[in-house]
Protein chains: 4
Amino acid sequence: MATTKGEIVEQFRCQAIREAAMRVVSRKGYDHVTVQDIADEAGIAKGTVYLYFRSREDVLEKTMSISFEEFHILIRDAIGRGGTFRECVEQVVKAQLHYFEQQQEFFRLYLAMAEPLGERRLRKHASYRTHIAQLVTMVEAAAEKGEVRDAPAERIAIALASVIRDIGLQRMTEKNKRPLEADVAFVRDFICRGIAAPLVTPEENV
Amino acid sequence: MATTKGEIVEQFRCQAIREAAMRVVSRKGYDHVTVQDIADEAGIAKGTVYLYFRSREDVLEKTMSISFEEFHILIRDAIGRGGTFRECVEQVVKAQLHYFEQQQEFFRLYLAMAEPLGERRLRKHASYRTHIAQLVTMVEAAAEKGEVRDAPAERIAIALASVIRDIGLQRMTEKNKRPLEADVAFVRDFICRGIAAPLVTPEENV
Amino acid sequence: MATTKGEIVEQFRCQAIREAAMRVVSRKGYDHVTVQDIADEAGIAKGTVYLYFRSREDVLEKTMSISFEEFHILIRDAIGRGGTFRECVEQVVKAQLHYFEQQQEFFRLYLAMAEPLGERRLRKHASYRTHIAQLVTMVEAAAEKGEVRDAPAERIAIALASVIRDIGLQRMTEKNKRPLEADVAFVRDFICRGIAAPLVTPEENV
Amino acid sequence: MATTKGEIVEQFRCQAIREAAMRVVSRKGYDHVTVQDIADEAGIAKGTVYLYFRSREDVLEKTMSISFEEFHILIRDAIGRGGTFRECVEQVVKAQLHYFEQQQEFFRLYLAMAEPLGERRLRKHASYRTHIAQLVTMVEAAAEKGEVRDAPAERIAIALASVIRDIGLQRMTEKNKRPLEADVAFVRDFICRGIAAPLVTPEENV
DNA sequence: TATGAATGAGAATTCATTCAT
DNA sequence: GATGAATGAATTCTCATTCAT
């Protein structure tokens with residue numbers, strides 16, 4: 001609408017800086033990234049960063065929230081693909097572990113997000129809560145269909161997210177990686193056999 | 001025995017500094033703690049810190065490893081109390097969530113441990129790995145008794161630790177806390193129904 | 001040629017900082033100069049020093065070696081002007097005492113060079129050794145021509161340098177300075193009558 | 001007279017501390033010696049140093065001046081032994097080089113003394129001037145006897161001291177030391193052939 | 001707009017000096 | 001007297017932020 005050419009250029013710049021920020025955060029860690037690092041990675045001057053962002057914190061904050069948007073869409077799609085709760089969980093787990101594998105930078109950002117310390121937490125929490133909210137929605141939908149045993153949906157969502165994250169982290173640290181499918185199946189089963197609705201025989205969970 | 005009065009005082013001071021460090025780490029995060037913070041919190045001068053520790057890193061490292069030792073003993077005892085795997089898990093979950101509740105500072109330290117970036121990770125990893133190793137032992141013992149379904153013990157341990165941690169974190173952020181027992185039961189069931197050996201009916205999981 | 005404007009400015013800044021460093025070293029002594037001192041003297045901020053030099057040591061090291069380069073050229077030229085050994089010595093003595101007079105800061109730096117303690121010595125030694133080496137060359141050339149009596153050239157060079165230095169130092173501390181020529185003659189004669197080849201009568205030494 | 005037992009003990013302590021200071025100064029250099037170093041070397045507590053000296057500077061200052069007293073006596077005796085100027089010079093050179101060899105700690109102190117920088121210079125100068133004054137006396141005595149050619153006695157004394165010092169320093173840095181006698185002869189000849197009264201033939205200087 | 005030089009607040013560490021025991 | 005723990009000023013170096021070009 002009112003998008004002038006200047007604004008488009010501005011958006012483009014912002015994105016380039018955020019992408020650079022994501023890469024350096026993933027390499028050096030949130031706390032150890034300097035504005036110079038970001039500028040170098042983006043191929044611009046340090047001062048230029050301040051034309052598009054108010055401060056170092058502003059860059060990192062926006063980098064994280066915008067990166068998370070893409071992630072949220074991915075998860076929303078995985079959930080939206082439908083199927084049984086078990087299939088749904090599998091899709092979510094697979095989408096996440098795969099995305100983590102592909103976008104290690106983002107994964108490190110995601111991990112940093114979970115850090116609950118200091119004021120930083122406040123900033124990060126919004127995106128993280130959104131992520132949990134998505135999972136809560138999924139759990140509640142399954143609960144309505146009787147596919148999930150009775151337990152607070154948020155607790156389940158948190159447990160789910162936490163297992164995926166830490167298995168993802170473990171995968172990242174391993175040299176000889178297990179096949180992605182093996183871990184997807186492990187996480188899916190770990191989650192489902194615990195929170196699935198009552199079963200007559202466990203065999204039907206294959 | 002051979003402990004002179006001076007050594008006792010020294011131990012006492014060290015402990016006071018470590019406790020102060022734990023509090024400030026829990027408030028500001030590992031990376032943002034300054035030596036001045038620690039000194040202020042301990043009610044001593046900055047230079048005094050250096051009478052008892054070689055460097056800022058030394059304080060933080062020792063703070064973490066000694067706190068973890070206490071924690072490891074707690075978990076070892078919970079595991080050692082025996083019983084079925086289910087009972088064992090319950091004891092571990094209860095011990096952890098209770099300890100986290102009591103020692104919120106330690107809990108934040110424990111959380112910081114999972115941060116995967118930078119060299120810090122290497123330092124922290126030792127304690128974290130020890131913790132995981134304890135859980136692996138527990139899982140393997142249960143596996144031998146056929147109480148755990150077939151899956152890599154380390155994956156199970158990681159999943160277990162991750163769920164306990166994040167539920168603990170969630171509890172910490174909630175204003176109106178749920179009863180500890182409710183969350184202990186939730187986590188226990190979340191874990192056991194997933195990794196327990198095949199069951200005929202879910203009712204027996206009461 | 002390929003010197004960009006930025007490089008010229010950089011060179012200029014570096015030189016200004018080195019000159020400031022030289023002045024403060026001459027006032028406070030090598031070990032007592034702080035980065036703040038240098039910055040204040042140069043009329044810049046402390047942090048600016050670090051834009052042009054890696055560390056405090058880097059500033060001081062470069063200050064000394066570059067100052068010495070100029071000095072070495074001066075001495076080389078004095079030696080190269082040729083003539084008898086006696087004339088040659090006179091030229092060297094005169095060049096040094098004059099330079100010391102003009103560049104008191106450098107002279108103090110030169111004096112600091114002789115300090116024989118600690119690791120600093122290693123750093124300084126290179127320039128000092130070069131200076132001695134120049135004199136050795138001069139002495140050896142004269143020795144070949146039979147103008148110098150038989151003695152280790154290095155010993156002679158050291159003795160020569162040491163007399164020039166300390167007479168220069170003495171001149172610096174005196175309020176009513178003797179004429180430069182008087183001291184040049186004194187040093188020249190002190191040196192030559194001792195190491196010159198045998199003379200029949202001293203009168204020929206006018 | 002009024003020397004109480006307490007005062008004797010005090011003198012003893014002071015001396016022990018000064019001796020310790022001399023050793024550490026010789027190892028680490030004047031500027032790098034800490035009060036703790038001195039206390040450790042003396043086998044006493046840091047605070048004890050302050051019972052006998054006002055400050056770190058006070059220790060070092062007194063250490064230097066008292067060490068010099070011994071040195072002054074040595075030189076006075078060498079001069080007092082009489083003989084021709086040439087013999088006298090030889091005795092002084094020999095005494096100094098020998099003493100430097102034996103008391104490397106003192107030698108390093110002596111070297112530090114010549115450092116002309118900063119306020120430290122003021123403190124050190126007194127002892128150094130005394131040393132020069134001794135040599136001036138010697139030169140003047142010889143001048144009266146016509147053994148020295150016409151030149152300012154102080155200039156001669158300075159030149160003399162400087163050559164001895166730097167040859168001593170050179171000896172200290174050499175691995176395979178030349179015989180002491182060789183350097184004594186070199187310095188003696190370097191000095192005498194230059195400042196000796198007119199000679200008919202140089203051969204008589206053997 | 002873009003730059004990057006300059007700034008200076010802040011962090012870790014050392015050490016002379018004090019003072020309670 | 002003797003001790004050595006405690007102090008905090010001083011020092012080096014880093015980096016977010018500003019601003020003249």
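Visitor: Is C:R54 buried or exposed, and why is that label used?

Guide: The model is predicted: local features need pLDDT of at least 70, side-chain atom pairs count only at pLDDT 80 or more, and totals for chains, interfaces and linings use all residues. Residues are numbered from 1 along each chain as its sequence is written, chains are lettered from A and ligands numbered from 1 in the order in which they are written, and side-chain values use heavy atoms, with hydrogens and water left out. Buried means under 20% relative accessible area, exposed over 50%, and partly exposed in between, with a 1.4 Å probe and protein chains only. C:R54 has 68% relative accessibility, so the residue counts as exposed.

Visitor: What makes C:D58 and C:R54 a salt bridge?

Guide: The term requires a side-chain nitrogen of Lys or Arg within 4 Å of a carboxyl oxygen of Asp or Glu. The two side chains, C:D58 and C:R54, meet at 3.6 Å, N to O, so the pair qualifies. C:D58 has 6% relative accessibility and is therefore buried.

Visitor: How do you know that A:R54 and A:D58 form a salt bridge?

Guide: Their N to O distance is 3.7 Å. A:R54 counts as exposed because its relative accessibility is 67%, whereas A:D58, at 5%, counts as buried.

Visitor: What is the N to O distance between A:D183 and A:R171, and what is the pair called?

Guide: The closest N and O atoms are 2.7 Å apart, and the pair is a salt bridge. It links distant parts of the chain, with A:D183 in helix α9 (residues 180-195) and A:R171 in helix α8 (residues 153-173) of chain A, 12 residues apart. A helix here is a DSSP run of H or I with at least four residues, a strand a run of E with at least two, both numbered from the N terminus. A:D183 is buried because its relative accessibility is 0%, and A:R171, at 2%, is buried as well.

Visitor: Which residues are linked with A:R171 in a network of salt bridges?

Guide: The network holds A:E101, A:R171, A:E174, A:R178, A:D183 and B:R155. Over all chains, the search finds 76 salt bridges.

Visitor: Why does B:L135 count as buried?

Guide: Its relative accessibility is 0%, hence the label. B:L135 is in helix α7 (residues 120-144) of chain B. Leaving out residues up to four places away in sequence, B:L135 touches B:I75, B:V92, B:A157, B:L160 and B:A161; contact means heavy atoms within 4.5 Å. B:L135 and B:R76 are 59 residues apart in sequence, with 9.0 Å between their C-alpha atoms.

Visitor: Which residues of helix α2 of chain D are buried?

Guide: In this helix (residues 35-42), they are D:V35, D:D37, D:I38 and D:A39. The buried residues pack against α1 (5-28), α3 (46-52) and α4 (56-80) of chain D. After α2(D) comes D:G43, with a positive phi near 70°.

Visitor: How many residues surround DNA strand E, and which are the closest?

Guide: There are 30, and the closest are A:T48, A:Y52, C:R13, C:T48 and C:Y52. A residue is near a strand if one of its heavy atoms lies within 4 Å of it. By class, this surface has 14 nonpolar, 8 polar and 8 charged residues. Ala, Val, Leu, Ile, Met, Phe, Trp, Tyr, Cys and Pro count as nonpolar, Asp, Glu, Lys and Arg as charged, and the others, Gly among them, as polar. Of the atoms of DNA strand E within 4 Å of the protein, 68% belong to sugar or phosphate and the rest to bases.

Visitor: What is the distance from a phosphate oxygen of DNA strand E to the side chain of A:T48?

Guide: An N or O atom of that side chain is 2.4 Å away. A polar contact is a pair of N or O atoms within 3.5 Å; within protein, one must be able to donate a hydrogen and the other to accept it, and residues adjacent in sequence count only if both atoms are side-chain atoms. The A:T48 pair, at 2.4 Å, therefore qualifies. A polar backbone atom of B:R56 lies 2.8 Å from a phosphate oxygen of DNA strand E, and for a backbone N or O atom of C:A45 the distance is 2.7 Å.

Visitor: Which residues come nearest to DNA strand F?

Guide: They are B:R13, B:T48, B:Y52, D:T48 and D:Y52, out of 30 around DNA strand F. Sugar and phosphate account for 67% of the atoms of DNA strand F that come within 4 Å of the protein. A side-chain N or O atom of B:Y52 is 2.3 Å from a phosphate oxygen of DNA strand F, and for D:R13 the value is 3.2 Å.
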